[in-house]
Amino acid sequence: AQTQIKIATLAPDGSSWMRELRVAAAEVEAGTGGRVQVKFYPGGVMGTDAVVLRKMRLGQLQGGVLTGSELSLVYPDAPAYSLPFLFSGWDEVARVRESVDPLLAAGFEERGIHMLGATGVGFAYFLGTKPMADAAAWRGLKLWIPTNDEIARRVFEIAGVGTIPLPIGDVFTSLQTGMIDTVANTPAGTVALQWHGKVRHMVDLPLTYVVAYLVLDQRAWERLSAGDQAVLARAFAAAAARMDANARRDDEAALAAMQRQGLQVSPPDPAEAARWRRFGEQVQRDMEADGSLSPAILAAIRAARGTPAPAAN
Amino acid sequence: MNDGLILGLVLILLLAACGLPLFAVLAAVAILGFHLAGYDLIVVAVEFYRLADMPGLVAIPLFTLAGYVLGESGAPRRLVRLSEALLGWLPGGLAIVALVACAFFTAFTGASGMTIVAIGALLYPALREAGYPQNYSLGLVTSSGSLGLLFAPSLPLILYGFVAGQLQTEQPVTIEALFLAGIVPGLLMVAVLSGHAMWVGRRLPRPVRKTGKGDLRAALRDAGWELPLPVLVLGGIYSGLFTASETAAVTALYVLVVTVGIKKEITLGKLPAVIAEAGRMVGAVLLILGLAMAMSNWLVDQEVPARLFELSRGWIHSPLAFLLALNVLLLFAGMLMDIFSAIVILTPLLLPVAVGYGVHPVHFGIVMLANLQIGYFTPPVGMDLFIASYRFGIGLPTLVRACLPFFLLVGLCVLLITWWPALSLGVGSLPG
Amino acid sequence: MRRRWLQGLHRAEDALLAGLLAALLLLAVAQIGLRVLFDAGLDWAEPVSRTGVLWLALFGALGATRERRQIAVDALPRLLAAGPRRLLWVVAQAVAAAVSAALAWFGLGMVLLEREAPVPFVAGIPSWVPMLAVPAGFALMALRFAIAATLPPPEPDVASASGAEAGR
Ligand code: NA
Ligand code: NA
């Protein structure tokens with residue numbers, strides 16, 4: 001009999017992500033002789049992350065493409081890559097992920113979730129309808145943070161910036177209506193989610209590396225034969241690698257497109273950059289100290305990166 | 001489709017015809033569908049709970065509250081008095097007064113039954129006394145019960161926004177865009193019916209006592225508190241000062257302060273009963289919205305709209321042909337169902353198909369509402385026919401004949417709105 | 001005696017319903033005030049307001065059931081004589097009771113599912129607590145529909161012309 005794997009994602013139909021995912025789905029169908037059919041529900045039609053996770057437990061969905069903060073409720077280490085200023089650049093990311101991705105996959109598995117792939121979305125920057133030049137400009141801004149994004153919540157609490165937590169799917173409407181005016185996202189994500197029509201300013205300071213996980217319900221995964229599992233793993237690993245490779249290029253193209261439409265990109269004031277870096281490092285230390293992130297994962301990241309932990313003040 | 005599904009759907013349709021409440025009809029379809037798909041039926045509850053995931057949904061209860069309080073106040077009377085002072089001198093003036101007042105009132109109450117009862121009852125005797133033919137007067141008050149549905153902040157407009165917004169079309173549907181898109185089509189209907197009114201009233205004697213500047217001033221003073229409402233609603237949103245739900249809050253607060261605090265037309269003792277009445281209406285509408293989402297999720301899960309599109313592509317080749325077929329379909333739907341049911345059931349089915357044909361989802365919404373508006377007075381079972389028949393003690397056959405010219409005129413407007421998207425989208429594409 | 005008791009119950013229910021809607025309005029107004037005057041906001045306001053709307057939906061629908069104001073496509077019953085109309089009424093109300101009971105059951109299942117993996121709602125309250133309104137609301141609605149099935153149908157006049165949207 002045919003097995004259906006239904007996967008929900010926020011990525012809009014027609015995005016480069018969906019193209020790669022559909023290529024993988026076609027490979028799976030061909031590779032399993034039609035035994036496994038992978039279907040996607042793009043554009044967030046299946047609901048917010050909380051709804052997608054509920055539906056995975058109920059068996060309506062078998063999987064979802066979710067960000068680290070969205071998965072943090074299931075697996076607290078999921079957002080580890082998204083600690084602010086953790087990575088200095090793309091090469092470092094590649095080095096770290098090679099050794100740490102398997103650790104995260106093992107962590108997911110303990111919680112009944114099979115990690116089929118992880119894809120770097122890129123580095124997030126501050127984008128907004130108003131300039132964010134210095135600490136004074138930040139007063140009165142309505143900054144979006146993702147619901148349940150503990151890292152973002154802590155950073156802006158230390159920074160003394162008020163935040164508005166919303167599911168990512170609500171951001172478009174909220175930008176339209178002015179409920180929020182500032183976001184942090186990758187340039188490609190900003191364009192794909194159509195937020196670019198509203199934002200006019202960007203600070204050229206890479207804040208955090210955003211990663212999305214393609215996860216399946218463990219029970220659904222185990223229902224597949226070992227051979228079919230291998231086909232799925234291969235197809236989606238290849239898709240993730242292609243998406244990773246595309247991410248940097250997509251981001252550059254998206255940024256150029258937004259600049260053509262009038263986006264003002266301002267270099268960060270050195271004092272301002274140092275200020276944000278301080279907040280980020282503080283949160284890293286705090287979260288390690290109070291056990292919000294497991295020391296083993298953080299140690300593995302630092303070992304792969306070849307740098308010590310941020311020194312205490 | 002398998003036999004179990006068809007059998008079940010037929011049974012549910014029969015129950016619906018027997019008067020099974022709509023929320024239960026939608027729930028039954030969702031339960032049947034999810035059951036046949038082999039899912040745990042808790043997904044129906046999970047889908048219903050997505051009501052709590054919709055940003056800005058609070059606009060529905062708050063605008064409804066404002067509408068109910070307005071309906072209980074002396075606003076209808078003041079509105080008629082002011083329109084009379086402004087427009088009474090025109091040929092057909094009183095009929096135009098009726099049209100404008102009805103449109104304004106329906107925009108705020110969304111419940112056309114209230115318009116016929118509150119304003120129609122006030123104006124019907126006046127129209128007869130001024131010499132308008134009985135049939136014209138009857139047709140006017142019956143058909144203009146639904147006039148104004150396209151104007152912000154009408155509840156059907158907002159409801160469509162939420163149902164369509166949930167479908168995540170590539171061109172987004174926002175409440176704000178819908179509010180803008182409804183303006184020109186709504187004005188078109190008012191203008192066409194006003195032209196007709198001038199024609200009918202061309203030989204009628206004008207009011208003997210000309211309305212003087214004093215009358216106008218007095219009427220303006222009288223209705224001074226209601227006048228800022230449209231400005232408040234549209235201005236609040238388009239200045240970017242308020243979101244749609246914030247505008248709803250400000251509007252409800254304003255209406256409460258005016259009717260309870262300043263005009264003292266609703267006593268504090270009576271207020272809870274009025275608010276509770278609004279709460280029941282909100283409950284009835286949101287309940288069907290929640291279960292419509294469950295049903296619509298089953299449709300999405302089973303890729304029904306995509307299959308419907310494939311199917312229709314076999315014999316409908318152009319967007320225009322699709323829109324014409326849509327007009328016919330919606331006319332029937334509007335006659336058989338009330339507007340809320342039609343919106344929550346048909347939007348998830350038809351909007352993806354419409355988008356497949358390249359129809360803009362905002363334009364589609366306006367076309368759909370304009371069509372459903374006619375359904376209110378389409379024989380034999382348009383709801384407003386029954387209300388008017390009961391309220392004015394006139395037999396249905398007479399009413400049906402009386403409404404025919406209005407049916408044709410509004411129908412003409414609907415065709416224009418359908419085939420001329422710029423009427424809806426021209427204003428909406430302004431930067432905002 | 002029973003009648004007085006029922007009236008009291010209905011009045012209390014209306015007061016609660018009105019209170020809930022009024023509270024939603026106050027919360028929204030307070031949010032606007034804080035935003036416009038102080039560029040501030042209450043971080044619990046948005047989730048509480050959204051959940052309040054869901055509660056209002058269920059509680060208002062419960063009242064609409066009592067007042068026979070549920071939206072229904074009732075063209076056929078309106079054209080029938082009293083006898084057949086009564087029969088259809090009983091069928092429709094009984095099925096509505098059964099569907100409501102099923103929804104209450106699924107709602108309970110959702111609460112239990114959420115208890116396995118709760119997330120924070122606000123102020124330390126877990127996410128399954130606000131969900132309780134779903135099983136409770138539909139269970140009470142089922143009861144009301146079951147009672148309505150034993151009572152005569154309302155007269156087909158303006159009040160029932162189209163459920164909730166008809167004028168008074
Ligand atoms: Na009207
Ligand atoms: Na109708």
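Trainee: Which residue with a positive phi follows helix 9 of chain B?

Mentor: In this predicted model, helix 9 of chain B is followed by B:Gln168, with a phi near 55 degrees.

Trainee: And what makes the length of helix 9 of chain B close to the expected one?

Mentor: Helix 9 spans residues 155-166 of chain B, twelve residues in total.

Trainee: Why is helix 9 of chain B called mostly covered?

Mentor: Buried means under 20% relative accessible area, and ten of the twelve residues of helix 9 of chain B are buried, so the helix is mostly covered. Among them are B:Leu157, B:Tyr160 and B:Phe162. The cover over the buried residues includes helix 4, helix 10, helix 15, helix 18 and helix 19 of chain B.

Trainee: Why is the pair B:Glu277 and C:Arg69 called a salt bridge?

Mentor: The rule asks for a side-chain nitrogen of Lys or Arg within 4 Å of a carboxyl oxygen of Asp or Glu. The closest N and O atoms of B:Glu277 and C:Arg69 are 2.4 Å apart, so the pair qualifies. Across the interface of chain B and chain C, the rule finds two salt bridges. Helix 15 (residues 271-301) of chain B gives the largest share of the side that touches chain C, 16 residues.

Trainee: How do you know what kind of residues make up the side of chain B that touches chain C?

Mentor: Sorting them gives 60 nonpolar, five polar and six charged residues. Chain B and chain C bury about 5,700 Å² between them, with 77% of it on carbon and sulfur atoms.

How values were computed: Residues are numbered from 1 along each chain as its sequence is written. Chains are lettered from A and ligands numbered from 1 in the order in which they are written. This is a predicted model: local features need pLDDT of at least 70, side-chain atom pairs count only at pLDDT 80 or more; totals for chains, interfaces and linings use all residues. Side-chain values use heavy atoms; hydrogens and water are left out. Buried area is the accessible area (1.4 Å probe) that two parts lose on being put together, summed over both. Helices (H or I, at least four residues) and strands (E, at least two) are DSSP runs, numbered from the N terminus. Ala, Val, Leu, Ile, Met, Phe, Trp, Tyr, Cys and Pro count as nonpolar, Asp, Glu, Lys and Arg as charged, and the others, Gly among them, as polar. The expected span of a helix is 1.5 Å times one less than its number of residues. Buried means under 20% relative accessible area, exposed over 50%, partly exposed in between (1.4 Å probe, protein chains only). Contact means heavy atoms within 4.5 Å.
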